[in-house]
Amino acid sequence: MDESWAWEPEAWGLSGGWPAPREAKTAVCPPVPGPSLSSVLNELPSAATLRYRGPGVLPWGALEEEAEDEQRSFQALAEAAQKELQGPRPSRELPWPMQARRAHRKSLARDQEALSSGSRATHWALLLRRSKEKVREGLNTLKPWARTLKRIGGQFGAGTECYFSLLRFLLLLNVLASVLKACMVLLPTWLEGTPPGPPAADAPSPCGSYNPRPQGLVTFPTQLFSLLSGEGFLEWSPLFYGFYPTGPHLAITYLCSTFAVGLVYLLLILHRSVSGLKQTLLAESGALTSYSHLVFSAWDFGLSGEVHVRLRQRIIFYELQVELEEAVVRRQAAVRTLGQQARVWLVRVLLNLVVLALLGAAFYGVYWATGATVDLQEMPLVQEMPLLKLVVNYLPSIFISVFNFVLPLVFNLIAPLEGYTRSCQIVLILIRTVFLRLASLLVLLFSLWSQITCGGDGEAEKCKTCGYNYKDLPCWETRLGQEMYKLLLFDLLAGLAVMLLVQFPRKLFCGLCPGAVGRFARTQEFQVPDEVLGLIYAQTVVWVGSFFCPLLPLLNTAKFLLLFYLKKLTLFSTCSPASRTFRASTVNFFFPLVLLLGLAISAVPVLYSIFLIPPSKLCGPFRGQSSIWARIPESIGSLPQTAQNFLFFLGTQAFAVPLLLISSILMAYTVALANSYGRLISKLKRQIETEAQNKVFLAQRAVALSSANGAL
């Protein structure tokens, strides 16, 4: 006799009854009608998220006719959902995460307290809080390119999405810096009247003369050369440091704008780094089992529309692909023998020696190009040919751009040979590329510093009179600004050239030659490490040059805005999804960390110029001062005596030592608190493991008891 239960398809008919056992069909009693399939499925917990998936989403088990009715009643559903969300529903009934439920419960408690008190002040506080929440939600909806980033993440992986997210973040930084520069530099200059021109040629000065304005009729090639090099009519313009007149108020605002912009940069990058650090620690600590987390928690039940569903499916697919690839690499590393391990480390050492040799050659090339530019500019042949003169002026930028384009390709070829996981390969490529880009920029600045300070020899003939090389560089701040301007402009032109002359022709070539030749060219992938380091390099150039070229953040804003749409066009038209992806949590923290490194490196030459190098005597708001910082003590001396005493007290040991002690105590307390939380988390993890083992044991006992009862 068959005791098993067999479910019949007819039981799920239009009558809506529950399925009955096969032997129950022969019973005398008629079947008891039960709930329909649609009503049963609508009682599932996942169906509770229906109203949060947006209007027009069908419930479980809905018919096609109902779909047409749903489309026709779109507005009615929207109004009903809005009323439902506005109603004070209990937090327990909301299908939200626990943190959102707690916030919702606290919000309801505050609302009830405000309504029960009847106070006018409490009522206005409630209205103000609700207004703040609505404004915050509105700002989140106004976040630029949110849909574009979601589409990029779905088609090309989370790593490519991180690049465009970083580009949007840097664009925000440059917009804020441009606003601060305009309010603290351009506006005071305009309020003080028409700025005076350059000093007259016959004005007596021990530091020579300086008149960058072109004399006589200027031809179009000369104008074009000035536009590309920052000389001529641009040299004495609001674009560069030398244009701004001297004055106590303008000098203070000019200097304070640099520190204010740097502080804004630092705070925003730290905020982004901390948020990325949380994701990285959670992903790398093993607290979440990657596969179960992706399978059970990665889906978003608030999605509506086939496009968004497919994008989310692709994102989960790429994340699973990353986990599986890294698991394979770790499994291969775990079964290596001692000889295989020694061979792997030998290969890594040899490859790192090759990398160091390439980096050394690149740095020497940049140093040679910077020193040779001055000598080549004095040659008669270069002076007679404007095009050759332009190439000579761009010689350091050309060397830097060539090395930044060629060596990352070599690093991409070397990294897979070292036997690391994909995430470790990305980090290694980033470290090497960032060292190449930032160190080449430092080599350029060191070469310029040698020219400005006569190699650090203050007793040299060219530097003895004014403290700097006034014969070759009468306004050395403008010269530094011109170099950063040329680096920024050449980086943009080089990117456009690569896009138009390499990427698009390669895509056409692959499409027109589908055979072996087309396979040899291959479809190109979006190289996230190289592209990200290009952004960080461009932003570091802006950080270095913003003091000497105040409008450089504004130019970089326009560049990044253009770059976003160009990279988007290149991505969707010429690139294919990466064959090997990497974990996004790794780069979410590492990218801002490299940004912080670039900010720290850029602060070194700027602070050195402010405190140690004498300012130019013939240009800029600090002309005539022994140092740029000397204007700050002079301004403090004009304040009331009480303010002077307070400011000078901040620089004494009586203030520094207690501040250091308090900071040390707070740091020790924070470390102790973090350790206690870590121990508590470890205990909770062990308790969770014990509970899991208990559930497995109970499940096994239940199966054993049910088997025993069946046998009886």
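Which backbone nitrogen lies 3.2 Å from a polar atom of the side chain of T478?

## T478 in helix α17

The backbone nitrogen in question belongs to G242, in a model that is predicted rather than experimental. T478 itself is part of helix α17, which spans residues 476-512. With a relative accessible area of 1%, T478 counts as buried, because the cut-off for burial is under 20%.

The surroundings of T478 include G242 again, together with Y210, E235, F240 and Y241; residues up to four places away in sequence are not counted here.

## K181 in helix α7

K181 is located in helix α7, which covers residues 158-191. The residue is buried and yet has no salt bridge. The nearest side chain of opposite charge is that of E477, at a distance of 14 Å.

A polar atom of the K181 side chain does, however, lie 3.4 Å from the backbone oxygen of S546. Once neighbours within four places in sequence are set aside, K181 is in contact with S546 and P550, with S257, T258 and V261, and with L186.

## N469 in the loop between α16 and α17

N469 is found in the loop that links helix α16 (422-452) to helix α17 (476-512). Its relative accessible area is 5%, so N469 falls under the 20% limit and is classed as buried.

The side chain of N469 places a polar atom 3.2 Å from the backbone oxygen of Q451.

## A nonpolar surface patch

Six residues make up a nonpolar patch on the surface: F259, L607, Y608, F611, L612 and W629. Together they present about 540 Å² of accessible area. Helix α21, residues 584-611, supplies the largest share of this patch, namely three residues.

L607 is one of the patch members and lies in helix α21. The relative accessible area of L607 is 36%, so this residue is partly exposed, lying between the 20% and 50% limits.

How values were computed. Residues numbered from 1 in each chain as written. Predicted model: local features only at pLDDT ≥ 70, side-chain atom pairs only at ≥ 80, totals over all residues. Heavy atoms only, no water. Helix = DSSP H or I, 4+ residues; strand = E, 2+ residues; numbered from the N terminus. Buried < 20%, exposed > 50% of the residue type's maximum accessible area, 1.4 Å probe, protein only. Lys, Arg positive; Asp, Glu negative; His and termini not counted. Salt bridge = Lys/Arg side-chain N within 4 Å of Asp/Glu carboxyl O. Polar contact = N/O pair within 3.5 Å; in protein donor to acceptor, adjacent residues only side chain to side chain. Contact = heavy atoms within 4.5 Å. Patch = residues over 30% accessible without salt bridge, like charges linked within 9 Å, V, L, I, M, F, W, Y side chains within 5 Å. Areas by Shrake-Rupley, 256 points an atom, 1.4 Å probe, with all protein chains shown as cover.
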